[in-house]
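User: Could you walk me through how some parts of this structure pack together? I'm new to this, so please go slowly.
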Amino acid sequence: MKKVYLIMSKNPSKFLLKMVKHTLNNKDYILIDDYKNIPNLKNKKILFAVELDDFGGNIFIQKIFNQLFILGKDSLKNSIGSVLIYNSKNDLYTKTMAQNIIFNANILGCTFPGRPLVEATKSLLNMKTLANAKNMTLKEALFCSCDTLGNNLENFNHKKLEKPKLLVLHSSNYETSNTLRLWSMVKENLNNMDIKEIHIANGTVRDCIGCPYTTCKHYGENTSCFYGGIMVEEVYPAILEADSIVWICPNYNDSIAANLKAVINRLTALFRKTKFYDKSIFSIIVSGNSGSDAITKELISALNINKTFKLPPNFAIMETANDKDAILEVENIEKKAYEFSENITDFLQK
């Protein structure tokens, strides 16, 4: 295994150090605790270990990323990352800090395995579900998660394919959607891929109502869901077949479209039976004004952190276009679309 590069500030708490110890499992590592002396982090395995202050921030990690961006948009190219977050103050901020770290590292070229985060809140109640499932204490569940995180970072493997299967999910209209217009530009440059599109029309997907665990598990074991419909008939089989999923996400009030949000929520039943570590996600995001990063972080949290999809480097193309066909007026948009298609191809295809 390559040595892990551990990014962690000086004088960490004993608790964070114990999380790190379980994650690295006595393997050799190189500590980066000085943002002014960052080594070459391309083609590396990286563990971000971050402890939060009273306001949910960490000045050290902010300075690290400021320096990484100065070093260039490819400063983490071909690297694999995972994240530890500890908040001894309260039960807030751990997930948002993780989203920010993964978002920024991904822009710099870092790939993240499925479920690349272990978070420890003050109460550790975020560990309760796992603790109950494994008959462990909250601390035991936390450190078990750290062990798993370290194994996933060490053993991460990505196989390229001759003819990848690409599933595209959207709920928009080709006649009016800038986001779909951008997807069309990207699609033109994708060769030798098996591409399937599913339109999630209004009224076709009911949102998850949070069935009891046993009910959800029962339906999931049969690759089904209580509500059935297009999710069971089309979406579940297509996801199981796909190597990667492209989420077409116009910005609706700084969130993804309700229909697609319902799709993500309804994946829980399928997830009970099938984990998605071998599948990846990409996204095309267009905002009318601003906020594309908010959409990107929502996808990272829901699909990479929670639902175990791999996050390829630069997994999202984010643009701003308001009026109909305004995407065509974005500077260098054809070049950007081509480069994004190349990114998809490079990650998926032999």
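Predicted model: local features only at pLDDT ≥ 70, side-chain atom pairs only at ≥ 80, totals over all residues.

User: OK, so at what angle do H3 and H10 pack?
Analyst: Helix H3, which covers residues 94–107, packs against helix H10, residues 292–306, at an angle of about 105°, and their axes are 9 Å apart. The two helices are therefore roughly perpendicular to each other.

User: Which residues in H3 meet H10?
Analyst: On the H3 side they include Lys-95, Ala-98, Ile-102 and Phe-103, and among their partners in H10 are Asp-293, Lys-297, Ile-300 and Ile-305. Sorted by class, this contact has five nonpolar, six polar and three charged residues. Lys-297 also has its charged end over the ring of Phe-103, 5.2 Å from the ring's centre.

User: Switching topic, how many aromatic pairs are there?
Analyst: The structure holds seven aromatic pairs. One of them is Phe-15 with Phe-143, a tilted pair with 5.7 Å from centre to centre and 45° between the planes. Phe-15 belongs to helix H1 and Phe-143 to helix H5, so this pair ties together parts that are 128 residues apart in sequence.

User: Are those two buried or exposed?
Analyst: Phe-15 is buried, as is Phe-143. Together with Tyr-86, these two residues form one aromatic cluster.

User: And why is the pair of Phe-282 and Phe-340 edge-to-face?
Analyst: Their ring centres are 6.2 Å apart and their planes stand at 85°, so the pair is edge-to-face, given that planes over 60 degrees apart count as such. Phe-282 and Phe-340 are both buried.

Conventions:
Residues numbered from 1 in each chain as written. Heavy atoms only, no water. Axes fitted to C-alpha atoms, helices over the stretch in contact; angles between N-to-C directions. Helix = DSSP H or I, 4+ residues; strand = E, 2+ residues; numbered from the N terminus. Parallel < 35°, antiparallel > 145°, perpendicular 65-115°, else oblique. Contact = heavy atoms within 4.5 Å. Nonpolar A, V, L, I, M, F, W, Y, C, P; charged D, E, K, R; others polar. Phe/Tyr/Trp six-rings, centres within 6.5 Å; stacked < 30°, edge-to-face > 60°. Buried < 20%, exposed > 50% of the residue type's maximum accessible area, 1.4 Å probe, protein only. Lys NZ or Arg CZ within 6 Å of the ring centre and 35° of its normal.
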